[in-house]
Protein chains: 2
Amino acid sequence: MIDTVKISRALGDPVRYKIMLLLANSESGCCPQPGTNGALPGLCNCEIMAHTGMIQSRVSYHMKELTEAGLVTEEQRGKWKYYYINTATLKDYAGKIKADLLR
Amino acid sequence: MIDTVKISRALGDPVRYKIMLLLANSESGCCPQPGTNGALPGLCNCEIMAHTGMIQSRVSYHMKELTEAGLVTEEQRGKWKYYYINTATLKDYAGKIKADLLR
DNA sequence: TGACAATATCAGAAAAATTTGATATGTTGT
DNA sequence: ACAACATATCAAATTTTTCTGATATTGTCA
């Protein structure tokens, strides 16, 4: 089942919220994808590092938090790992907040 | 404007989420209200203390966090302070999360 | 396979949040 | 005003998170 506290906590850090916004507004990845002409959803670590100015281990740490909360799904593409928002979790979250707390 | 990170952070603590659930499921206050037959919305500190087993200053601290996030509205009734969920904030929050992060 | 690039994990340092007891402020009724 | 009760604030101790550099793991390509 959906862990509302964990998701809230994950979103409740300014760095992670910024990353979520970045993912939400990203059109395509930066790294060459074989068999495509470059446009695939999600962002890889290198892009998140570039956009936020954070070092690698810090990005990794926050992506793990987001992933473990179910907010982000990761996908290995060649040597890069891509991240994109798990929209189902977000919808469920918004719904559960309302169901739990509105009457 | 609504501070999504701050609200998330406020909800992202298990103690505070429990308090929110308590408020959402409370029918009436415990303390004698002049001019009523006892049934008013919200809970006062004493009830939150009783339900959660927390000491007074701890309740006060968390209620301040919730209030400052705009999740809870406080109302002085006689010598008691009552708290109830600010439904507008909660609705706005759920809406903004979706607007920000879903595409 | 080896060399290299991308990401993950670890341990310690630093920063932030939580908890508590003590004390202060505010409110009601006498 | 005073006494009694309800809530707020403070400072210090504790706990939890975050950040970083170092190292480990994983994947790709020659």
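In the model, the surface near DNA strand C receives at least two residues each from α3 (45–52), α4 (56–68) and β3 (80–85) of chain A and from α2 (14–24) and α4 (56–68) of chain B. Helices (H or I, at least four residues) and strands (E, at least two) are DSSP runs, numbered from the N terminus. The model is predicted: local features need pLDDT of at least 70, and side-chain atom pairs count only at pLDDT 80 or more, whereas totals for chains, interfaces and linings use all residues. Residues are numbered from 1 along each chain as its sequence is written, chains are lettered from A and ligands numbered from 1 in the order in which they are written, and side-chain values use heavy atoms, with hydrogens and water left out.

DNA strand C is surrounded by 23 residues, and the closest are Gln56(A), Lys81(A), Arg58(B), Tyr61(B) and His62(B). A residue is near a strand if one of its heavy atoms lies within 4 Å of it. By class, seven of these residues are nonpolar, eight polar and eight charged. Ala, Val, Leu, Ile, Met, Phe, Trp, Tyr, Cys and Pro count as nonpolar, Asp, Glu, Lys and Arg as charged, and the others, Gly among them, as polar. Sugar or phosphate accounts for 69% of the atoms of DNA strand C within 4 Å of the protein, and bases for the rest.

The side chain of Ser57(B) places an N or O atom 3.3 Å from a base oxygen.

Around DNA strand D there are 21 residues, the closest being Arg58(A), Tyr61(A), His62(A), Gln56(B) and Lys81(B). They comprise six nonpolar, seven polar and eight charged residues. Of the atoms of DNA strand D within 4 Å of the protein, 72% belong to sugar or phosphate and the rest to bases. An N or O atom in the side chain of His62(A) lies 2.3 Å from a phosphate oxygen of DNA strand D, and one in the side chain of Gln56(B) lies 2.8 Å from a base nitrogen. Two or more residues of this surface come from each of α4 of chain A and α3 (45–52), α4 and β3 (80–85) of chain B.

Note on methods. A polar contact is a pair of N or O atoms within 3.5 Å; within protein, one must be able to donate a hydrogen and the other to accept it, and residues adjacent in sequence count only if both atoms are side-chain atoms.
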